[in-house]
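Subject: Structure handover

Hello,

Here is the structure I said I would pass on. My notes on it follow below the entry.

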Amino acid sequence: MAHQSLYRKYRPQSFGDVVGQEHIVRTLRNAVGEGTVAHAYLFTGPRGTGKTTMARLLAKALDCEKGPTSEPDDTCESCIEIAEGRYPDVHELDAASRTGVDAVREEIITKVQYAPTRGQYRIYIIDEVHMLSTSAFNALLKTLEEPPEHTIFILCTTHPHKVPETILSRCQRFDFHRISVDDIVSQLERIAQEEGYDAAPGVMTLIARYAAGGLRDAISTLDQLAVYTNGQIGIEDVEGLLGEVDSNLLFEAADLVEERDVAGAFAFVASRADLGTDMSEFSRGLVGHFRDLYVSAAAEDVSEVVDFDDEHLARLRSQADRFGIERLARCLDLLADLLNEVRWSSDPRLALEVTLTRMANPRGELTMAALAERIEALELSLIH
């Protein structure tokens with residue numbers, strides 16, 4: 001029997017299951033409950049944030065046997081068929097694979113005037129709508145200008161700027177946000193518990209950070225890791241599959257730099273090399289970490305700039321305070337050079353060791369940034 005992907009298994013089947021898009025859920029529920037549903041919607045946002053899923057949930061709410069209702073029962077034949085993609089009055093068109101005007105005519109224009117077969121509405125969900133050709137958009141526009149009363153269009157896209165303004169102006173737009181790390185971690189932990197997976201501490205956070213706000217990608221990654229490890233997922237498995245670096249290691253490396261422990265930095269790199277760590281990937285992770293430290297030092301409210309839980313943010317602020325903003329700026333300059341070097345270097349380990357040494361010990365360097373750091377350190381020693 002074929003393995004059912006976790007994303008399909010745990011795809012939200014009701015508005016209450018949706019994660020991270022509460023503003024959209026509330027508005028759509030109210031529209032259905034009050035009978036003020038628009039004839040055309042544009043769902044836009046990053047991939048994996050629930051646009052197509054929300055379109056199907058809205059279709060359920062409108063064509064549920066007890067509907068239109070803001071709380072579809074999810075048990076009637078109509079809801080089940082919509083969830084399985086075989087309901088006769090809900091038509092899904094993938095514009096990425098069918099971009100031409102013929103597809104629009106065949107799937108929409110020739111059928112749109114007919115009354116719904118079973119439900120109260122005929123609903124058209126067009127995924128990746130920005131991929132339609134100009135002629136296809138023009139054909140669709142004529143229908144959007146004078147839509148039949150029983151027809152609802154839901155257009156989904158990751159690139160709203162590629163959709164003609166004439167189309168945008170006829171749609172009610174909803175912007176889907178990237179889902180927070182905390183929300184993704186909670187969902188992954190729930191799935192892992194139900195599936196009986198044993199994940200090491202920090203695994204879910206690492207997966208969530210790699211997903212960059214896309215819950216679908218996070219669940220797919222968990223699925224892949226579970227198959228690979230037989231459900232016993234360790235940090236090293238995530239690092240090996242994704243190239244992501246455990247944040248504890250990044251904090252440890254930054255502590256060595258802050259403490260000017262050059263010998264410790266060499267020992268740290270040696271230990272990672274013995275474990276087979278990809279030094280290029282680690283270097284990229286270190287750049288991201290110091291960027292987060294710099295933001296934490298420079299901005300009072302970083303909630304809109306970095307997406308971490310409260311404990312991680314507290315650690316960032318504490319470490320950033322010990323560095324000081326000037327020193328962090330110099331570290332970022334050195335790390336930028338490191339990224340360019342490891343891209344072409346035959347020995348990225350050496351490049352990382354040299355950079356950590358320069359970050360930890362500015363003595364011997366005559367650059368303005370190094371001199372400024374030495375003056376800042378002297379001032380701090382005089383204050384204390």
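Predicted model: local features only at pLDDT ≥ 70, side-chain atom pairs only at ≥ 80, totals over all residues.

Overall

The protein has 18 helices and seven strands. Taken along the principal axes, its C-alpha atoms fill a box of roughly 80 × 45 × 40 Å. Of the 384 residues in the protein, 48% are buried. Among contacts with a separation of 6 or more, 74% come from residues 24 or more positions apart.

Helix α14 and its partners

Two packed helices are described by the angle between their axes and the distance between the axes. For α14 and α16, the angle is about 155° and the axes are 9 Å apart. That angle is over 145 degrees, and the two helices are therefore roughly antiparallel to each other. The crossing of α14 past α16 is left-handed. On the α14 side the contact includes S280, S283, R284, L286, V287, F290 and R291, and on the α16 side it includes I325, L328, A329, C331, L332 and L335. Sorted by class, the contact of α14 with α16 has 16 nonpolar, two polar and two charged residues.

The other pair is α12 (residues 247–258) with α14 (residues 279–298), whose axes come within 10 Å and cross at roughly 75°. These two helices are therefore roughly perpendicular to each other. From α12, the residues L249, L250, F251, A253 and A254 meet F282, G285, L286, H289, F290 and L293 of α14. The class count for the contact of α12 with α14 is nine nonpolar, two polar and no charged residues.

Nonpolar cores

Which residues touch the most other members of the largest nonpolar core? They are F282, L286 and F290, in a core of 32 residues. At least two residues of this core come from each of α12, α13 (262–274), α14, α15 (310–323), α16 (325–344) and α17 (348–360). The helix that gives the most to this core is α12, with seven residues. Leaving out neighbours within four places in sequence, F282 is in contact with V245, L249, L250, A253, F268, T277 and L352.

There is also a second, separate core of 28 residues, which includes L6, I184, V203 and I207. I184 sits in helix α8 (residues 181–195). Its relative accessible area is 0%, so I184 is buried. Beyond four places in sequence, I184 has contacts with I179, A208, G213, G214, L215 and A218. The C-alpha atoms of I184 and L249 are 22 Å apart in space, and the two residues are 65 apart in sequence.

A strand residue

T151 belongs to strand β4 (residues 151–157). With a relative accessible area of 0%, T151 is buried. Residues up to four places away in sequence aside, T151 touches H39, V112, R122 and Y124.

Loops

Most residues other than glycine have a negative phi. Two residues here are worth a look on that point. E128 is not a glycine, yet has a positive phi of about 50°. E128 lies in the loop between β3 (122–127) and α6 (134–145). Is E128 buried, partly exposed or exposed? E128 is partly exposed, because its relative accessible area is 22% and the buried class ends under 20%.

N230, also a residue other than glycine, has a positive phi near 60°. N230 is placed in the loop between α10 (215–229) and β7 (232–233). N230 counts as exposed, at 68% relative accessibility.

S346 is in the loop between α16 and α17. With a relative accessible area of 80%, S346 is exposed. S346 and D310 are 36 residues apart along the chain, and their C-alpha atoms are separated by 39 Å.

In the largest nonpolar core, F282, L286 and F290 touch the most other members.

Regards

Conventions
Residues numbered from 1 in each chain as written. Heavy atoms only, no water. Axes fitted to C-alpha atoms, helices over the stretch in contact; angles between N-to-C directions. Helix = DSSP H or I, 4+ residues; strand = E, 2+ residues; numbered from the N terminus. Parallel < 35°, antiparallel > 145°, perpendicular 65-115°, else oblique. Contact = heavy atoms within 4.5 Å. Nonpolar A, V, L, I, M, F, W, Y, C, P; charged D, E, K, R; others polar. Core = buried A, V, L, I, M, F, W, Y, C linked by side-chain atoms within 4.5 Å. Buried < 20%, exposed > 50% of the residue type's maximum accessible area, 1.4 Å probe, protein only. Left-handed = near helix turned anticlockwise from the far one by under 90°.
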